[in-house]
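Subject: Structure handover

Hello,

Here is the structure, with notes on what turned up in it. Please keep it open while you read.

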Amino acid sequence: MNHFLPASPSTGERSPVRYDAGTLCSSARRTIAVFLPAPGRNPGFLQIFDSAAIPPGVRTRIVVDSPYEAAADLPESVELRVDPLISERFLVIDDRVAMTGHASRMTVVRAPALVSLLGDLFERVWSRAEPRPREGKAPFSLTEQEKTVLRMAAEGMTDEMIGRQLGLTSRTVRRHMANAMKRIGAQSRLQAGVRIAKAGIV
């Protein structure tokens, strides 16, 4: 049965949500998979993934939405990737139980079909997400010309306008754009704009 866990008042005590998420993670035997948007605004939630709380040998993977959030303090054993399009928080333990929802009100999910659905969603996003460098470097390796083209396109300029500004042909601009989109894993210019904005390139 699914049940809701409201956050506790600010009494200095550990919240029920955090406690139950930590308990679930400490019960893991094989895998922990997490979507964690805005990790910098949830430092307490990140503490769950301290290496002391995770049993040895458990593979822990987290997808965050911003490469420059506070997730740098996670243990080296935690695998971290970035996808700026994620917005919902959830975690899946051993493909048998999950928690989903916002920090103030999360739901424990045990229904196999829903747990499987969340697990499949995580795997799809994980496969396309960018690995996050822990040294604070930008997650995308772009040339200065590619960055410039992306910035100008994000400002609404057409290929022709960009070409005139940079002294390039429209064909060259499109080539730079295609290369940049491939490097950052974007399927459209809109998605490229979102990703470089999240990465601080724009």
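**Arg189 and its partner**

Arg189 is partly exposed, with a relative accessible area of 39%. On the scale used here, buried means under 20% relative accessible area, exposed means over 50%, and partly exposed lies in between (1.4 Å probe, protein chains only). The side chain of Arg189 meets that of Asp159 in a salt bridge, 2.9 Å from N to O. The term salt bridge stands for a side-chain nitrogen of Lys or Arg within 4 Å of a carboxyl oxygen of Asp or Glu. Arg189 belongs to helix H7 (residues 189-198) and Asp159 to helix H5 (residues 159-166), so the pair ties together parts that are 30 residues apart in sequence. Asp159 is buried, at a relative accessible area of 9%.

**What the model is**

This is a predicted model, in which local features need pLDDT of at least 70 and side-chain atom pairs count only at pLDDT 80 or more, while totals for chains, interfaces and linings use all residues. Residues are numbered from 1 along each chain as its sequence is written, and side-chain values use heavy atoms, with hydrogens and water left out.

**The chain as a whole**

The secondary structure comes to seven helices and eight strands. Helices (H or I, at least four residues) and strands (E, at least two) are DSSP runs, numbered from the N terminus. Of the 202 residues of the chain, 45% count as buried. The chain exposes about 10600 Å², and carbon and sulfur atoms supply 52% of that area. Accessible areas come from the Shrake-Rupley method with a 1.4 Å probe; for residues, only the protein chains shown count as cover. Among contacts in the chain with a separation of 6 or more, 65% are between residues 24 or more positions apart. Contact means heavy atoms within 4.5 Å.

**Other salt bridges**

The count for the model is six salt bridges. One of them joins the side chains of Arg61 and Glu123, at 2.5 Å from N to O. This pair links distant parts of the chain: Arg61 is in strand E3 (residues 59-64) and Glu123 in helix H3 (residues 112-128), 62 residues apart. Arg61 counts as buried at 7% relative accessibility, whereas Glu123 is partly exposed at 38%.

Glu144 forms a salt bridge with Lys147, the closest N and O atoms being 3.5 Å apart. Both residues lie in helix H4, three residues apart, about one turn of the helix. Glu144 counts as exposed, at 52% relative accessibility.

**Helices H4 and H6**

How do H4 and H6 pack, and at what angle? Helix H4 (residues 144-154) and helix H6 (residues 170-184) pack at about 95 degrees, with their axes 9 Å apart. That makes H4 roughly perpendicular to H6. Axes are lines fitted to C-alpha atoms, for helices over the stretch in contact, and angles run from 0 to 180 degrees between N-to-C directions. Angles of 65 to 115 degrees count as roughly perpendicular, under 35 as roughly parallel, over 145 as roughly antiparallel and the rest as oblique.

On the H4 side the contact is made by Gln145, Glu146, Val149, Leu150 and Ala153, and on the H6 side by Val173, His176, Met177, Asn179, Ala180 and Arg183. These residues divide into six nonpolar, three polar and two charged. Ala, Val, Leu, Ile, Met, Phe, Trp, Tyr, Cys and Pro count as nonpolar, Asp, Glu, Lys and Arg as charged, and the others, Gly among them, as polar.

Ala180 of helix H6 is buried, with a relative accessible area of 0%. Not counting residues up to four places away in sequence, Ala180 touches Leu142, Glu146 and Leu150. Ala180 and Leu142 are 38 residues apart in sequence, and their C-alpha atoms are 6.6 Å apart in space.

Regards
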